[in-house]
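Hi,

Here is the structure I promised to pass on. Have a look at it first, then read my notes below.

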Amino acid sequence: MNASKLVILDRDGVINEDSDAYIKTPEEWRPLPGSAAAIARLNQAGYRVVVATNQSGLARGYFDQAGLDAIHRTMAAHLEHAGARLSGVYFCPHGPDDGCSCRKPAPGLINQIVAEYGEVTGVPMVGDSLRDLEAGVARGCRPVLVLTQPAGGPPSWGIRIRSVLFFVIYNAVGIVHGLNCLLIGWFLPARQRYRFVNIWTRFAMWLLERLNGVRVHVEGREHLQTGPMVIIANHQSSWETFYLQCLISPQATVLKRELLWLPFFGWGLALLNPIRIDRGKGRAALKAVLEQGAERLNDGIPVVIYPEGSRQEPGTLGHFNHGGSLLACRNKVPVVAISHNSGDCWPARSWLRFPGDIILRISPPINTHDKDAKTVTRLAEEWIFEHYPGELTKTPKA
Ligand SMILES: [Mg+2]
Ligand SMILES: [Zn+2]
């Protein structure tokens, strides 16, 4: 009999971050973003999920059976929190020189699963290394390779090649579309301009998902009613400037005027009538945000601002300036805060694009009527801090 509705997962690099230093304690077991939610979805769809994992750290004496049990209790608790459950964890305790039959790529662990669940022909075997897939293929599993990487290790060739491809295609299409914007875009009415420019933006996001395996999850979309508001988001990469462009359209983004001088890219951007500021001049920049921002809000257009100013490392929040809150308070429009982890997949100042999940959380509107700008900034900052998807390694400064 075939084990229907079964999925076999590797553990390290599939459910949790892998480490060249081994996962030796429950504290070192760090979930990969989205893995628990993915298992929960499989469970909901009626799939049983089992793990087959090499744990040579046992043979090497890095941890003992009680230690491994503790790690697996931590994993089970984390999964349970997301509504996910594993039906079994099969592990090989041996080292590479022990000549056992269960260390992947040997099929021993899969054989144990077959003994319990029946034949696994066609059952997905998800792993982050060739040996996981080989172990499964030996018993007829369908191999699924995930492109994660050991934390701190060099990116895999798969990730590098896909990142280069992304860079080339994205820029080539950007140049063509930049010309289109120059030739056609200027003659379109304002609302249609946004849609026209966003063709490229949408394409870039589609490419990022298909080519680089970056999935995007938006929570709280219902909080983005149309109408004037100030959106305050944390800033980790160019990704959010693109994605929010698709999500909130039309919008007026506050940006450095130098960006508009870029060939091709800048031409498209200029069409969207952004709020131009000169970052070098603090006072003048604030004045520009308040004046141009008020005009846009008067026209019913939301203003998007990144109060950290520059892009932060993933897992980090920078200092929030008050410009956006001040604009909202003066014009008596609500503030909506956005918290996301784009830097995990699209880090600033890097050409690498890492597969994974970007979670973008949108706050309920923060009323500004009875508050001062400082309070509004603090509330937005706290919301972003509390709803940050993943662990923050640095806390925001007061
Ligand atoms: Mg692995
Ligand atoms: Zn073994």
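How many bridges join E2 to strand E3 (residues 88–92), and do the two run parallel or antiparallel? There are 5 bridges, and the strands run parallel. Strands (E, at least two residues) and helices (H or I, at least four) are DSSP runs, numbered from the N terminus, and two strands count as paired if DSSP finds at least two bridges between them.

Before going on, a word on what you're looking at. This is a predicted model, in which local features need pLDDT of at least 70 and side-chain atom pairs count only at pLDDT 80 or more, while totals for chains, interfaces and linings use all residues. Residues are numbered from 1 along each chain as its sequence is written, and chains are lettered from A and ligands numbered from 1 in the order in which they are written.

Now the overall picture. The chain holds 11 helices and 12 strands, and its C-alpha trace spans about 70 × 45 × 35 Å along the principal axes. It is split into domain 1 (6–145) and domain 2 (157–386), with bounds from an automatic or database domain assignment. Taken over C-alpha atoms, the domain centres are 39 Å apart.

Back to E2 (residues 48–54). On its other pairing, E2 is joined to E1 by 4 bridges, again parallel. The chain goes from E2 through helix H2 (residues 65–81) to E3 in a right-handed β-α-β crossover. E1, helix H1 (residues 35–44) and E2 also form a right-handed β-α-β unit. Right-handed here means that, with the strands pointing away from you, the path from the first strand over the helix to the second runs clockwise.

Of the 7 residues in E2, 6 are buried, so the strand is largely enclosed by the rest of the structure. Across the chain's 398 residues, 38% are buried.

How values were computed:
Buried ≥ 20, exposed ≤ 12 C-beta atoms within 10 Å, placed from the backbone.
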